[in-house]
Amino acid sequence: MRAEKVDKIATAVVLSLAGLVGLLIISFLGYLLVVGLPNVSWHFLFSPAESFKSGGGIRDQLFNSLYLVVLTMLVSVPLALCAAIYLSEYAPQNRLTATLRLAIEVLSSLPSVVIGLFGYLVFVLQFGLDFSLLAGALALTILNLPLLTRSCEDALQQVPQLQRQAGLGLGMSKWRVTTKIVLPAALSGIITGAILSAGRIFGEAAALIYTAGQSSPAISYTDWNPFSPTSFLNPLRPAETLAVHIWKVNSEGLVPDARAVSNGSAAVLIITILAFNLLARLVGYLIKRRLAK
Amino acid sequence: MTEQIALEVKDLHVAYGDKRVVQDVSLKFPARQITAMIGASGSGKSTVLRSLNRMNDDLATVTGMINFHGFNINQPNVNVYRVRQQIGMVFQQPTPFPLSIYENVIYGLRLAGERDRQVLDQRVEESLRQAALWDEVKDQLKESALALSGGQQQRLCIARTLAVRPEIILMDEPTSALDPVSTSQIEDTLVQLKEQFTIIMVTHNMQQASRSADWTAFMHQGRLVEFGPTSQIFMNPQEEQTADYLSGKFG
């Protein structure tokens with residue numbers, strides 16, 4: 001009888017705590033959307049921000065955020081994937097690789113503000129990149145690498161050992177086994193992990209304030225020359241992202257509708273991250289289905 | 001023995017780190033015959049098998065000679081990929097790749113650079129016939145290999161190994177994951193295959209060894225206890241340990 005009672009109480013406690021967590025998250029999300037969505041309109045999404053007047057939009061900030069994610073992924077995915085392949089397929093179990101894993105672990109819990117200041121000192125000042133998308137992308141790469149490496153490694157580890165052996169047994173070299181058997185089988189997991197990490201860095205602000213900068217000079221979306229200073233593609237221009245914009249409007253915004261702008265921006269940010277997550281699931285599902293066919 | 005020898009193992013020692021798991025094994029595997037390796041779990045039989053085509057390279061230290069056509073393949077400068085094309089391996093669990101049946105069978109051939117469609121088509125049919133799978137799958141060659149039953153998948157893996165035309169096929173408990181019907185199909189297949197291939201098989205299943213193998217090697221605690229014609233090992237073992245194991249006193 002006693003064990004049964006304890007079991008019931010434990011179940012009730014676990015359920016109600018889980019419910020509490022769920023409720024907190026849902027009400028937080030709900031609040032963001034309810035307060036933010038009324039401020040979102042086509043005008044808000046597609047017009048540039050104002051400095052002193054009300055009625056400004058977030059066109060450039062939204063584009064900057066997306067572009068920065070693309071730039072960051074271009075740098076971090078190849079690096080993370082190579083590191084993951086090494087760790088999963090080649091690394092011997094010794095002290096050196098244990099240290100490497102520990103380093104990745106530590107790097108993953110580094111506060112993003114520290115990464116931002118590091119980026120400011122190294123990329124902005126030392127490398128002379130100034131406040132730029134490139135400096136921001138490099139800072140975000142540091143932020144992104146540990147978790148992305150880990151998720152790629154996990155995806156590779158999910159591939160059954162037997163598949164590798166079957167390849168080796170047919171006379172395939174290790175590199176062939178990795179590229180022809182392991183990578184295709186892990187592709188779904190790798191892409192899912194990459195998109196999820198893209199969502200994570202999309203919302204990053206602290207690492208960008210001192211690297212990508214807090215200003216959005218006028219840019220032209222018709223100027224396709226990435227070397228032109230006003231081109232939207234120029235990776236060396238300073239670029240305020242959406243998350244930085246929210247922070248800035250709230251802390252030192254001079255526009256009268258600062259609240260409305262930051263609420264609307266937060267809603268757009270959340271919805272975009274949600275879209276990243278849904279996309280990750282969809283892509284993962286589609287690849288799995290194609291492989292199973 | 002007047003038998004032709006496919007593979008000769010001399011003074012084979014295998015250690016995982018400091019742990020010696022196989023000691024002083026010397027064996028001659030007769031060509032185009034089935035040799036079964038039996039013994040309790042941990043007796044080292046799988047380790048010996050996996051050493052024969054260098055699958056233990058990254059895991060263990062293997063010393064001793066493995067002579068294949070008079071050439072010791074257990075040397076550092078030997079091309080292990082070529083060795084494994086000559087000495088193929090089939091594993092405990094079926095391991096089809098997530099591709100079509102056709103693509104699975106010709107995987108090794110494609111790897112070797114074969115592009116001629118006719119050659120590939122012909123080799124697929126030949127290999128699937130040899131593995132006694134052709135009649136069951138000939139109309140669905142383009143479909144996923146993952147849709148096949150476990151027994152069919154294992155025969156597909158055998159066909160995939162045959163398609164590279166090895167001389168020797170190593171099998172590590174090839175039927176341990178299969179039901180009795182699939183098991184007996186595979187055993188029938190093996191008997192046909194030995195006309196062209198040398199088969200060395202590790203098995204936990206005594207009946208399987210006595211049914212299909214021509215030769216049997218009994219291993220115990222990392223050592224080869226007895227090797228001889230299967231009938232002799234089972235009916236008239238020379239060593240007490242062999243007799244004890246076969247009568248179920250340990251194992």
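Predicted model: local features only at pLDDT ≥ 70, side-chain atom pairs only at ≥ 80, totals over all residues.
Modeller: In chain B, helix α1 (residues 45-52) is mostly covered, with 8 of its 8 residues buried.

Biologist: What makes B:Lys45 count as buried in α1(B)?

Modeller: A residue is called buried if 20 or more other C-beta atoms lie within 10 Å of its own. B:Lys45 is listed as buried, along with others including B:Val48, B:Arg50 and B:Leu52.

Biologist: And what follows α1(B)?

Modeller: B:Arg54 does, and its phi is positive, near 65°.

Biologist: Which order do the strands of the open sheet take?

Modeller: The order is β2-β1-β4-β5 in chain B, 4 strands with antiparallel pairing.

Biologist: Why do β2 and β5 of chain B stand at the edges?

Modeller: β2 (19-30) and β5 (71-72) have a single partner strand each, so one side of each has no neighbour in the sheet.

Biologist: Where does α1(B) pack?

Modeller: On that sheet, touching β1 (5-16), β2 and β4 of chain B, and its direction makes about 120° with that of β1(B).

Biologist: How do you know that β4(B) and β5(B) pair?

Modeller: Pairing takes at least two bridges. β4 (residues 61-68) and β5(B) are joined by 2 bridges, so they qualify, and they run antiparallel. B:Asn67 has B:Asn72 in β5(B) as its bridge partner.

Biologist: What about β9 and β10 of chain B?

Modeller: β9 (residues 215-220) and β10 (residues 223-229) share 6 bridges and run antiparallel. B:Ala217 has B:Phe227 in β10(B) as its bridge partner. The two strands form a hairpin with 2 residues between them, and B:Gln221 in the turn has a positive phi of about 50°.

Note on methods
Residues numbered from 1 in each chain as written. Chains lettered and ligands numbered in written order. Buried ≥ 20, exposed ≤ 12 C-beta atoms within 10 Å, placed from the backbone. Contact = placed C-beta atoms within 7 Å. Axes fitted to C-alpha atoms, helices over the stretch in contact; angles between N-to-C directions.
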